[in-house]
Amino acid sequence: MNQLLAGKKFLIMGVANDRSIAWAIAKQLHESGATLAFSYQGDRLESRVTKLVEATMPGSTMVQVDVTRDDEVAGAFALLKEQWGTMDGLVHSLAFAKTEELEGNFVDTSREGYLLAQDISAFSLVACSRYAKDMMPDGGTIITMTYLGGERVVGNYNVMGVAKAALDQSVRYLAADLGAQNIRVNAISAGPINTLAARGVKNFTSILPQVAEKSPLKRNITQEEVAKTALFLASDLSSGITGEIIHVDAGYHIMG
């Protein structure tokens, strides 16, 4: 077992269940020696996430935060500061859009649906980074999860694709802002994986065989492959990398 992250402390945001990409990343970082905290929203997710964490990583800190509320974001990081003092990294795996916005035509997107998707899926990275940076006096790393739908049109991805495009550019601006503090900001663009969040996209399962057929590696990817890339970005092995969107998609994004 490697100890690339021994003594390091990371906040994981976005675990929904044991199939979540965020959970796979958490396990990888934990196995590499990191101390973790987990955020959750609401009683339902608290129960689900706490059960997962207690079974595998007992003693991990749990923080309640609704990222659409500035006071809750501030409160979550205040709690972490009280317990940890400093931190070394943030894994941001948060995205949301109303189900009805993920089908039909993008031109019919509601104003409320557009703003909500942007708020949770893109602005939350900015809001959390604002507080995380103050807990990284010796530098650190911020990792978020994006998707090819922010670069190209993907059927039924609609408003979420626009939110991911905003997220991608936020990564670059945050990297430029925080580089002087030795804080690196990067994104992983994962290929489609059959997670709870992905199943919210209409006809999602039809994408999987298309990717397997057209990608250079002729297969889909796994949560574990994304997690290993996150470990790389979280460790000093990637010390010269910031502002990047790293595709972990079996090479699908390079194909015409």
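**Ground rules.** I am working from a predicted model, in which local features need pLDDT of at least 70 and side-chain atom pairs count only at pLDDT 80 or more, while totals for chains, interfaces and linings use all residues. Residues are numbered from 1 along each chain as its sequence is written, and side-chain values use heavy atoms, with hydrogens and water left out.

**Cores.** I looked up the largest nonpolar core, which has 33 residues, and noted Ile12, Leu29, Leu36, Phe38 and Val226 as those with the most contacts inside it. A nonpolar core here is a set of buried Ala, Val, Leu, Ile, Met, Phe, Trp, Tyr and Cys residues joined through side-chain atoms within 4.5 Å, and buried means under 20% relative accessible area, exposed over 50%, and partly exposed in between, with a 1.4 Å probe and protein chains only. Among the elements that give two or more residues to this core are β1 (9–13), β2 (35–40) and α7 (223–234); helices (H or I, at least four residues) and strands (E, at least two) are DSSP runs, numbered from the N terminus. Helix α1 gives the most to this core, with seven residues. Apart from it I found another core, of 31 residues, including Val67, Met87, Leu167 and Val185.

**Lys9.** I then turned to Lys9, which is found in strand β1 and counts as buried at 18% relative accessibility. Leaving aside neighbours within four places in sequence, Lys9 is in contact (heavy atoms within 4.5 Å) with Thr35, Trp84, Thr86, Met87, Asp88 and Gly89.

**Helix pair.** I checked helix α3 (residues 70–84) against helix α4 (residues 111–132), and their axes, which are lines fitted to C-alpha atoms over the stretch in contact, come within 10 Å and cross at roughly 35°, on a scale of angles from 0 to 180 degrees between N-to-C directions. The contact is made by Asp70, Val73, Ala74 and Phe77 of α3 and by Ala127, Cys128, Tyr131 and Ala132 of α4.

I found Ser170 in helix α5 (residues 158–178), where Ser170 is buried with a relative accessible area of 15%, and a polar atom of the Ser170 side chain lies 2.8 Å from the backbone oxygen of Ala166. Val107, in the loop between β4 (89–92) and α4, is exposed with a relative accessible area of 71%.

Methods:
Polar contact = N/O pair within 3.5 Å; in protein donor to acceptor, adjacent residues only side chain to side chain.
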